[in-house]
Amino acid sequence: VTCKTQVLFPFSLLCLQVIKCKAAVMWEANKPFSIEDVEVAPPKAHEVRIKIVASGICRSDDHVITGGLVMPFPIILGHEAAGVVESVGQGVTSIKPGDKVIPLFVPQCGECKTCLSTKGNLCTKNDLDSGAGLMPDGTTRFTCKGKAIHHFLGTSTFTEYTVVHETAVAKIDSAAPLEKVCLIGCGFSTGYGAAVQTAKVEPGSTCAIFGLGGVGLSVVMGCKAAGASRIIAVDINSNKFAKAKELGATDCVNPKDFKKPIQEVLIEMTGHGVDYSFEVIGRTETMAAALACCQYNYGVSVIVGVPPAAQKITFDPLLLFTGRTWKGSVFGGWKSKDSVPKLVADYMKKKFVLDPLITHTLPFTKINEGFDLLRTGK
């Protein structure tokens, strides 16, 4: 008698192996990145392993290096990227190998109080609050030279391969250019959303944006898209003004050109203060100035820049007593898994541009040069 027996192996044993690849490891604060050979473990249940194709450099990454944002070392930074799914863990059904995706540093579990509310977007499963530098199960998928390497905000995109939880990844249009839409993973979405989603800028309103990096320029784009009639761009680097005007700024102001506080300058320019102000730098001094420059009764000021660790802010409470609103915005207020695919679709429909936000394209091995360009305002 002959017969055939079918043997079923557990999913994790079929094809998932440790991947050896290059990653930019930050061993300690205030030191350059070190390009290392790392081992990336297979994705566990409800996890996704991604081949990173393009990654943006964001000021928040630099905050970790300088200690402004406290995270454990050694660590693989990076959180603004796009890539292709290499493999998936058991139980993952919404994403498959070969899909183009964007990792999400703000996850969307769909189950916590924030995810179920229409009022917020900062899922309680995020790693921004705890700064643990680990996957949700409390372990890491990276090792280098026998040492465990921490994750950054559940994404870690300064590596050829990374592992994220399925709540922290969004499938996008297969035709999307990854070297462009990677910016939707943080910078563009954060700035654009701060204007249209968090502040809800109204047509005909007056806005002031403090800081004209990639996120600040995205705020400018959001204010223009919302129909603001006057958009005042503020930066101590006048070289950024031409691009700000290209993207919609009507006025550009350098605080260094004045002897009086910048909030007084803006109030004089507008007669009553701006309707909406945005701090997109991450400095307590400019946060206070942004609050003070908006209309005393109904002005809205939004903190977009990551606040520095261990610093407190002092301000006159009368600024709020008269009616101003002061609020923060993480990832532009977008619910990530729902919104990122739609933003990519809008980009593909040419509803907004991303090219002006890309100043340089460098090979991965020149990541330290990229951070030098960031720090020098280039």
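Five strands form an open sheet in the order 9-3-5-6-10, with antiparallel pairing; two strands pair if DSSP finds at least two bridges between them. The edge strands are strand 9 and strand 10 (169–171), each pairing on one side only. Helices (H or I, at least four residues) and strands (E, at least two) are DSSP runs numbered from the N terminus. This is a predicted model, in which local features need pLDDT of at least 70 and side-chain atom pairs count only at pLDDT 80 or more, while totals for chains, interfaces and linings use all residues. Residues are numbered from 1 along each chain as its sequence is written, and side-chain values use heavy atoms, with hydrogens and water left out.

**Sheet geometry**

- Neighbouring strands of the 9-3-5-6-10 sheet are turned by 45° against each other on average, direction ignored. Axes are lines fitted to C-alpha atoms, for helices over the stretch in contact, and angles run from 0 to 180 degrees between N-to-C directions.
- Strand 5 (residues 81–88) and strand 6 (residues 100–103) run antiparallel and are joined by 2 bridges. In strand 6, V101 stands opposite G83.
- Helix 11 (residues 336–348) packs on the sheet and touches strand 6 and strand 10. The direction of helix 11 makes about 40° with that of strand 10. Contact here means heavy atoms within 4.5 Å.

**Strand 9**

- I50 has T162 of strand 9 as its bridge partner.
- Strand 9 (residues 161–165) is mostly covered, with 5 of its 5 residues buried. Buried means under 20% relative accessible area, exposed over 50% and partly exposed in between (1.4 Å probe, protein chains only).
- In a regular strand the side chains alternate between the two faces of the sheet. In strand 9, Y161, V163 and H165 lie on one side and T162 and V164 on the other, and all are buried.

**Aromatic pairs**

- The whole structure holds 9 aromatic pairs. Rings of Phe, Tyr and Trp (its six-membered ring) pair if their centres lie within 6.5 Å; planes under 30 degrees apart count as stacked, over 60 as edge-to-face and the rest as tilted.
- F158 and F371 form an edge-to-face pair, at 6.0 Å centre to centre and 90° between the planes. Because F158 lies in the loop between strand 8 (147–149) and strand 9 and F371 in helix 12 (residues 367–375), the pair ties together parts that are 213 residues apart in sequence. Both F158 and F371 are buried.
- The rings of F188 and F352 have centres 4.2 Å apart and planes at 20°, so this pair is stacked. F188 lies in helix 5 (residues 187–199) and F352 in the loop between helix 11 and helix 12, so the pair ties together parts that are 164 residues apart in sequence. F188 and F352 are buried.
- Ring pairs link F188, Y192, Y347 and F352 into a cluster.

**V220 in helix 6**

- V220 lies in helix 6 (residues 214–225) and counts as buried because its relative accessibility is 0%.
- Leaving aside neighbours within four places in sequence, V220 is in contact with I209, L212, I231, A244, L247, G248 and A249.
- The C-alpha atoms of V220 and E246 are separated by 9.9 Å, with the two residues 26 apart along the chain.

**Record annotations**

- UniProt places "domain: Alcohol dehydrogenase-like N-terminal" (unreviewed entry) at residues 45–173. This span is 9% helix and 29% strand, and its end C-alpha atoms lie 25 Å apart.
- UniProt lists "domain: Alcohol dehydrogenase-like C-terminal" (unreviewed entry) at residues 214–342. The span 214–342 is 36% helix and 16% strand, with end C-alpha atoms 20 Å apart.
- UniProt positions are given in the numbering used here, feature names are shortened, and annotations may be inferred rather than shown by experiment.
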